[in-house]
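Let's take a friendly walk through a protein model, from the whole chain down to single residues. Keep the picture open as you read.

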Amino acid sequence: MRTIVEKPASTRHGSDLPAPTPWYRRPGVLPWVWALGLCLLYATVAVRRHQLLRTTGYDLGIFEQAVRAYAELRAPVAPLRGEGFNLLGDHFHPLLAALAPLYRLWPSPLTLLVVQSALLALAVVPLARWAARALGRRAAHAVAAGYGLSWGVASAAAFDFHEVALAVPLLAFSLEALGHRRWRAAVGWAAPLLLVKEDLGLTLAAVGGYIALKGRTDRRALRLGLATVAAGLLGSFLEIKVLLPALDPTGGYAHGGNLAAAHGSLLGALAHAPLDLLRPETKATTLVLVFAPSALLALRSPLALIALPTLAWRMASENGFHWSTAFHYSAILMPVVFAGLVDVLGRETDPRRLRAPLATVLAVTAVLLPSFPLAQLAQRATWHTPGHVRAARALLDEIPDGATVAASNRLAPQLTSRCTVVLFPTFPVGGRLYAYPRGDLPAPTAEWIVHDSETPEAWPYKPGHWPYPLPQQLAELRAAQREHGYELVARRDGITLLHRTGTPRTPS
C-alpha cells in the first residue's frame, strides 16, 4: 500500500524557494516610502500657505526672482532686494542655479516650494537606511518619523523657500557615510555645502574634523580630514571676505552686522561669549529643543560636534530671529541630531534596550508637533479661503504680465513669476537692509502699486505690518496719488490697486 506524503505549500509546484517578500517590506524601499510621504506632507503645507497669501516677498519672492533670472540665463538679480542687486552678494548660493531647469519647465513660486519639500524629505533616506541596517526595521520607522515630523524641518517646510534646503540632504548623506567610515564619500557629499551658503564651509570643516578624529590612526584618513578642515575654513573665509563684498553693491558683507562685537572690542566679545551664548533665555531654550527630538541622546555622539558651527554663529548673532525655533535656521541641524541618535543606539547590543529610547523619541515628537507648522493641516482655517484672499486675487489679475509692480510683502510672491516686483513702500534703500531712513523714502517708480492694509496671517512673524508701520505705509500710499501721478484703479476689502497716470494700461 502506497503512502502519500503531503508536500509543504512552498514546494508543491516543484519549487523549494520561499514566498517572495512583498515589495513594501524590502529593505531598500522603506526609506523612499517615507521620503515620498513626507514630501507630500511638506508640499501640502507649503502650497496651501502660498494659496492663502501667507508667503512673503522676503523671502520666497526674492529667491524666485533669482531662480527666474538663472532660468533666463541672467545674473541672479533680485529687484526686491534692491535695484540691480545681485543676490550672490547677499548670501553665496550659486547651487541655486541647479533649480533653473525645473523653473524653466514650471515658472511658478510653487516650483520652489515643491522642490524644497522634496529636498527636506530626501534627507530621510540615508537616515532611515542607516537606522534599518544598524537598529532594525521598526527602529528605522521611529527614526524616520522623528526626523520627518521634527520641529526644525517643519519650520523650514512651512516658511517660504531658502537655500539651506539644498544642504539638508547633502549633509544627511554625508553623515550616513561618516557612520559607515566611508570617509571619501562623506567629503564628496559635504563638499557642495560651500556652494549653498557661506557659513556652511564651517560645517564642511567640522566633517573634516570628525574624519581626522575618528581616522587619526589611518594616515590617509587623517590627511583627508585635515585637508577638508582647511578647505572648509578657507572656503568660508574667501566667500565672506572676498566674493560677497565684491558682489554686494555696498562693498561689504550684508549680514556682517549680525555678528558685530557687542562689547566694543574683540577681546571683550570673547570674554563675554560663554554667557552671551545662553542669554537671553531664548537661546538656552533653543539649544535644548535642538537635541530634544533625539531624547537628548545625540549629545552622546561625536557627530553632534558637526552642529557646533551653525549653533555658534546663531547664538553669537545680534539678530534675535537667529536665536528662536521659528524660520528655517534649524533645518540643517536635524540630520545631525538624528544621525547622532542612530550612532548612539547602534552601540547597544541588546535590541530590547532600544524600545525605551525610541518610544521617548516618538513621545517628544508627538508633544512638540502641535506647537509647530505641520499642525496647520489640522486647523480649519487652513482649508478655508477667506473673502480677503479672493479679493486680493481678483485685483492681482488686473495687473498685466510683464508689468513693474510695487507690492506689499504678502502680495509680492503672487506676482514674481510674471512681473518685475519691488516692495511697497520701498525697502531696502540703497541696497541696505536695516539702515533705511523711515522719513525719507524714494518715490515709487513702478507702473502699478498694490497694497494690503489688513493685518496678515502672522506665523512665524508677530502680527503687524512690515517693513514699516501701517500709518506710514498708508501715508506713502496717499503720497503716491497726490504727488507721484498714481490713480486709483480699485479698492476692495482693504486692498488698494493704483496705476501710474500716463502709463498705458493693458486690457485684463
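What share of the contacts in the chain with a separation of 6 or more comes from residues 24 or more positions apart? The share is 72%.

## The whole chain

Before going further, note that this is a predicted model. The chain holds 18 helices and five strands. It has 508 residues, and 52% of them count as buried.

## Two packed helices

General idea first: the angle between the axes and the distance between the axes describe two packed helices. Here the pair is helix H2, covering residues 57-71, and helix H4, covering residues 109-122. Their axes are 9 Å apart and the packing angle is about 100 degrees. Angles of 65 to 115 degrees count as roughly perpendicular, so that is the word for H2 and H4.

Which residues make the contact between them? From H2 come Leu60, Phe63, Glu64 and Val67, and from H4 come Pro109, Leu112 and Leu113. Sorted by class, this contact has six nonpolar residues, one charged residue and no polar ones. In an α-helix, residues three or four places apart point the same way, because there are 3.6 residues a turn. As for cover, 14 of the 15 residues of H2 are buried. Just after H2 comes Leu73, with a positive phi of about 60 degrees.

## A pocket and its lining

How do we find empty space in a protein? A probe the size of a water molecule, rolled over the atoms, shows where space is left. The second largest pocket contains about 520 Å³ of space. Its lining is made of 23 residues, and those nearest the centre are Pro79, Glu83, Val422, Thr426 and Thr445. Strand S1 (404-407) and strand S2 (420-423) are the elements that give two or more residues to this lining.

What kinds of residue line the second largest pocket? The lining has 14 nonpolar residues, eight polar ones and one charged one.

## Around helix H14

Let's now look at Arg314, which sits in helix H14. Is Arg314 buried or exposed? Its relative accessibility is 0%, so Arg314 counts as buried. Setting aside residues up to four places away in sequence, Arg314 touches Thr286, His322, Trp323, Ser324, Tyr329, Ser330 and Leu333. Take Tyr329 from that list: Arg314 and Tyr329 are 15 residues apart in sequence, and their C-alpha atoms are 8.4 Å apart in space.

The loop between helix H14 (308-316) and helix H15 (333-345) holds Thr325. With 18% relative accessibility, Thr325 counts as buried, because the cut-off for buried is under 20%. Beyond its neighbours within four places in sequence, Thr325 is in contact with Trp151, Ser155, Thr286, Leu289 and Phe372.

Most residues other than glycine have a negative phi, and most peptide bonds are trans. Phe327 is not a glycine, yet its phi is positive, at about 65 degrees. Phe327 lies in the loop between H14 and H15, and its relative accessibility of 4% makes it count as buried. Arg181 is not a glycine either, and has a positive phi of about 60 degrees. Its place is the loop between helix H8 (164-179) and helix H9 (183-190). At 48% relative accessibility, Arg181 counts as partly exposed.

Where are the cis peptide bonds described here? One runs from Phe424 to Pro425, with omega near -10 degrees. Another joins Phe427 and Pro428, with omega about 0 degrees. Pro425 is in the loop between S2 and strand S3 (448-452), and Pro428 is also found in the loop between S2 and S3.

Our last stop is Trp466, in the loop between S3 and helix H18 (470-483). Trp466 has 34% relative accessibility and so counts as partly exposed. What does Trp466 contact, leaving aside its neighbours within four places in sequence? The residues in contact are Tyr58, Asn409, Leu423, Phe427 and Gln473. Trp466 and Asn409 are 57 residues apart in sequence, while their C-alpha atoms are 7.3 Å apart in space. Phe427, another contact of Trp466, is joined to Pro428 by a cis peptide bond.

Definitions and conventions
Residues are numbered from 1 along each chain as its sequence is written. This is a predicted model: local features need pLDDT of at least 70, side-chain atom pairs count only at pLDDT 80 or more; totals for chains, interfaces and linings use all residues. Side-chain values use heavy atoms; hydrogens and water are left out. Axes are lines fitted to C-alpha atoms, for helices over the stretch in contact, and angles run from 0 to 180 degrees between N-to-C directions. Helices (H or I, at least four residues) and strands (E, at least two) are DSSP runs, numbered from the N terminus. Angles under 35 degrees count as roughly parallel, over 145 as roughly antiparallel, 65 to 115 as roughly perpendicular and the rest as oblique. Contact means heavy atoms within 4.5 Å. Ala, Val, Leu, Ile, Met, Phe, Trp, Tyr, Cys and Pro count as nonpolar, Asp, Glu, Lys and Arg as charged, and the others, Gly among them, as polar. On a 1 Å grid over the protein atoms alone, a cavity is a set of points where a 1.4 Å probe fits but cannot get out, and a pocket is an open set with protein on both sides within 12 Å along at least five of seven lines; lining residues have an atom within 4 Å of a point. Grid points are joined across faces, edges and corners, and a volume is the space filled by probe spheres set on the points. Buried means under 20% relative accessible area, exposed over 50%, partly exposed in between (1.4 Å probe, protein chains only).
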